[in-house]
Amino acid sequence: SSVLDHYSTTFKNNKKAQDYLSIGRGLSNPEIYDRFRIGYSDGFLPKQNELIQSLKDIGILTEDGYELFHDCVIFPAEDMDGNIVSIYGRHTQKKIHRYNKGPHKGVFNARAFKASQTIYITEAIIDALSLYQIGIREVVSLFGTNGLTDDHIKCMKDTLTKEVILALDNDEAGEAAAEQ
């Protein structure tokens, strides 16, 4: 949580990261930034000696001590109770996606499953935020076209989701994912 707090504060004080979302991706509503605990890794995460191994274990630091999410806007994924269980990072300069090591865990905006029996599913978090910004609050995202996880399915089953609306990219990969 202290790592996410640091990233969130860094995002709020970093024009480049804010411009990436607002100008580069069209996500200009500040309510989104706070609601989803969006952050930014500038590579200067305070590294206390007693925490370094823990940060490596959860995938914040690489084995050589480098911040995995350096120069990435950070989007936490949660369980249905709002607990952060993983992080997704989108590089601000390159088309690079970063994830914690290990299998994908959690769901971006998982609490939406509790709020509605109709769920919109997008291919990526930024797509979900685009829908959220225009008022579609019952939106979650996959981890890319092959990113439907057991956590997504569990959320649907545990909340008795009645309807799923796929809002995937209209390209070959998106169409194949929708079919699957």
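Q: Glutamate 63: buried or exposed?
A: Glutamate 63 is exposed, at 56% relative accessible area. Exposed means over 50%, buried under 20%, and partly exposed in between, with a 1.4 Å probe and protein chains only. Keep in mind that this is a predicted model, where local features need pLDDT of at least 70, side-chain atom pairs count only at pLDDT 80 or more, and totals for chains, interfaces and linings use all residues. Residues are numbered from 1 along each chain as its sequence is written, and side-chain values use heavy atoms, with hydrogens and water left out.

Q: OK, and which side chain does glutamate 63 meet in a salt bridge?
A: That of lysine 101, at 3.9 Å from N to O. Glutamate 63 sits in the loop between α4 (52-57) and β2 (72-78), and lysine 101 in the loop between β4 (97-99) and α5 (112-115), so the pair ties together parts 38 residues apart in sequence. A salt bridge here is a side-chain nitrogen of Lys or Arg within 4 Å of a carboxyl oxygen of Asp or Glu. Helices (H or I, at least four residues) and strands (E, at least two) are DSSP runs, numbered from the N terminus.

Q: How many salt bridges does that rule give?
A: The count comes to nine. One of them joins glutamate 78 and arginine 111, with 3.0 Å from N to O. That pair links strand β2, where glutamate 78 lies, to the loop between β4 and α5, which holds arginine 111, 33 residues apart.

Q: How accessible is glutamate 78?
A: Glutamate 78 is buried, at 6% relative accessible area. Arginine 111 is partly exposed, at 33%.

Q: What about lysine 12, what does it bridge to?
A: Aspartate 34, with the closest N and O atoms 3.2 Å apart. Lysine 12 is in helix α1 (residues 2-12) and aspartate 34 in helix α3 (residues 30-35), 22 residues apart. Lysine 12 is partly exposed at 48%, and aspartate 34 is partly exposed at 47%.

Q: Switching to sheets: what is the order of the three strands in the open sheet?
A: β6-β5-β7, with parallel pairing. β6 (139-141) and β7 (163-167) are at the edges with a single partner strand each, so one side of each has no neighbour in the sheet. Strands count as paired if DSSP finds at least two bridges between them.

Q: How many bridges are there between β5 and β6?
A: Three, with β5 covering residues 118-122. In one of these, isoleucine 121 is partnered by valine 140 of β6.

Q: Which residues are buried in helix α6?
A: In α6 (residues 125-133), they are Ile125, Ile126, Ala128, Leu129, Leu131 and Tyr132. Glycine 135 follows the helix, with a positive phi near 110 degrees.
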